[in-house]
Amino acid sequence: MNNKINVVKPYLPNKKSFLNRVEKILENSVYTNNGPYVNELEEKLCDYLNVKNVVLVNNGTSALSLLYKALNLKGNVLTTPFSFVATTSSLLWEGLTPYFLDISPRDFNMDFSSIYTQDIPDISCILPVHVFGHPCDVFKIDKFAKEKNAKVIYDAAHCFGVKKSDNSILNYGDASILSFHATKLFQCIEGGAIVTNDDSLAEEIRSLRSFSINRKGEITGVGINAKMNEFSAAMGLSQLEVVDQAIKERAIIYDHYYDCLSSKYYFPELDSDVEWNYSYTVILFEDEEILLSKLKELNEQNIYPRRYFYPSLDTLFKGDVLCDVSGSISKRVLSLPNYPGLEMCIVDTIIQILLR
Ligand SMILES: *Cc1c(COP(=O)(O)O)cnc(C)c1O
């Protein structure tokens with residue numbers, strides 16, 4: 001095998017559709033500043049995702065930052081230690097304090113089952129992650145947030161197209177963020193979005209993302225530059241034409257891994273009312289030593305699964321609580337290659353190595 005097999009590979013079967021849009025951008029000479037493709041993509045995403053407001057931005061991390069500002073968060077934010085680093089580092093970057101709640105070994109999401117027996121400090125917000133696109137217990141979170149008078153922002157970076165009981169998972173909480181980074185299921189090279197049912201919050205974010213300059217050209221506050229450019233939006237529009245097919249192809253690969261490996265490895269569990277997007281294929285090892293030896297064997301075949309997510313973020317940033325479950329799972333979890341066009345013979349090679 002000459003080609004390196006990574007966890008993901010961006011998908012673009014309709015290259016012409018993208019290049020046609022790029023030609024148009026060059027003809028019109030509108031490269032950024034909420035141009036026609038950004039507006040078109042926002043509208044189409046509202047339809048596709050079945051949500052009220054989509055505000056496109058330059059990446060998922062700035063989507064988080066903008067929400068912290070717009071919701072005027074202060075002090076502690078209750079969050080998960082098991083995520084990509086940006087979930088926690090964005091809080092620290094904005095001067096907020098992450099307070100880590102351990103995760104459930106069932107689905108690796110924040111575990112709210114025993115929240116009332118724990119000593120939780122005052123919090124201004126809860127920031128859960130629907131990790132690997134598996135929805136959190138949104139009803140328990142909502143109830144707890146109301147009691148604490150706290151906002152809820154979902155880091156839904158992995159949740160493109162995920163539904164719970166036929167409703168988009170993005171419709172819960174005060175807002176959700178999506179990431180459209182090149183490695184994500186739906187990608188805009190770099191990009192992200194804020195999704196919210198709150199029209200005035202959406203309006204506020206639209207202003208903040210563009211220096212807080214309003215339609216009349218007046219500066220109304222302290223904003224930042226978090227605009228998506230037209231080339232990224234063009235990529236998004238072309239992705240939208242093929243994303244259903246991409247999800248179908250990932251599902252076939254996931255099911256094959258699951259059929260062959262689930263008797264030997266644990267796969268995080270999904271609630272039966274969830275329509276999932278197959279965004280990640282994740283398995284849990286018995287211990288880290290076995291994981292490292294299998295990883296080495298796979299690397300020797302030029303196959304590069306990733307340790308998503310390692311290390312547990314409470315250990316990285318020295319939070320207030322020790323999260324034993326997250327600490328243990330992050331040492332033993334591996335994300336396997338799964339993307340449209342990945343050849344089944346490579347999937348079988350991976351499976352054989354993991355079963356040896
Ligand atoms: C990718 C990711 C982000 C950050 O998104 P960017 O678009 O790369 O800034 C945040 N949270 C999670 C859980 C992610 O996987």
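Predicted model: local features only at pLDDT ≥ 70, side-chain atom pairs only at ≥ 80, totals over all residues.
## Helix 12 and its two partners

Helix 12 covers residues 344–355, and helix 8 covers residues 243–261. Their axes are 10 Å apart, and the helices pack at an angle of about 25°. Angles under 35 degrees count as roughly parallel, and helix 8 and helix 12 are therefore roughly parallel to each other. Their crossing is right-handed. On the helix 8 side, the contact is made by I252, I253, H256, Y257, C260 and L261. On the helix 12 side, M344, V347, D348, I350, I351, L354 and L355 take part. Sorted by class, this contact of helix 8 with helix 12 has eleven nonpolar residues, one polar residue and one charged residue.

Helix 12 also meets helix 9, which runs over residues 288–300. Here the axes come within 10 Å and cross at roughly 145°. This crossing, too, is right-handed. Which residues meet where helix 9 and helix 12 pack? From helix 9 they are K294, E297 and L298, and from helix 12 they are I350, I353 and L354. By class, the contact of helix 9 with helix 12 has four nonpolar residues, no polar ones and two charged ones. If you look back at the lists, you will find I350 and L354 in the contact with helix 8 and again in the contact with helix 9.

## Helix 3 against helix 6

Another pair to find in the structure is helix 3 (residues 60–70) and helix 6, the latter spanning 199–208. They pack at an angle of about 115°, with their axes 10 Å apart, and the crossing is right-handed. Helix 3 brings L66, L67, K69 and A70 to the contact, while helix 6 brings L201, E204, I205 and L208. Six of these residues are nonpolar, none are polar and two are charged.

## Around the ligand

How many residues surround the ligand? There are 14, and the closest are T61, D155, H158, S179 and K184.

Three of these come with an atom-to-atom distance you can check for yourself. T61 has a polar side-chain atom 2.6 Å from an oxygen atom of the ligand. For S179, a polar side-chain atom lies 2.7 Å from an oxygen atom of the ligand. In the case of D155, the polar side-chain atom lies 2.7 Å from a ligand nitrogen atom.

Where does F211 lie? F211 is in the loop between helix 6 and helix 7 (230–240). Its phi is positive, about 65°, although F211 is not a glycine.

Now move along to the loop between strand 13 (303–304) and helix 10 (313–317), where F309 is found. The peptide bond from Y308 to F309 is cis, with omega near -5°. P311 lies in the loop between strand 13 and helix 10 as well. The bond joining Y310 to P311 is also a cis peptide bond, and its omega is near -5°.

Conventions: Residues numbered from 1 in each chain as written. Heavy atoms only, no water. Axes fitted to C-alpha atoms, helices over the stretch in contact; angles between N-to-C directions. Helix = DSSP H or I, 4+ residues; strand = E, 2+ residues; numbered from the N terminus. Parallel < 35°, antiparallel > 145°, perpendicular 65-115°, else oblique. Left-handed = near helix turned anticlockwise from the far one by under 90°. Contact = heavy atoms within 4.5 Å. Nonpolar A, V, L, I, M, F, W, Y, C, P; charged D, E, K, R; others polar. Near = heavy atom within 4 Å. Polar contact = N/O pair within 3.5 Å; in protein donor to acceptor, adjacent residues only side chain to side chain.
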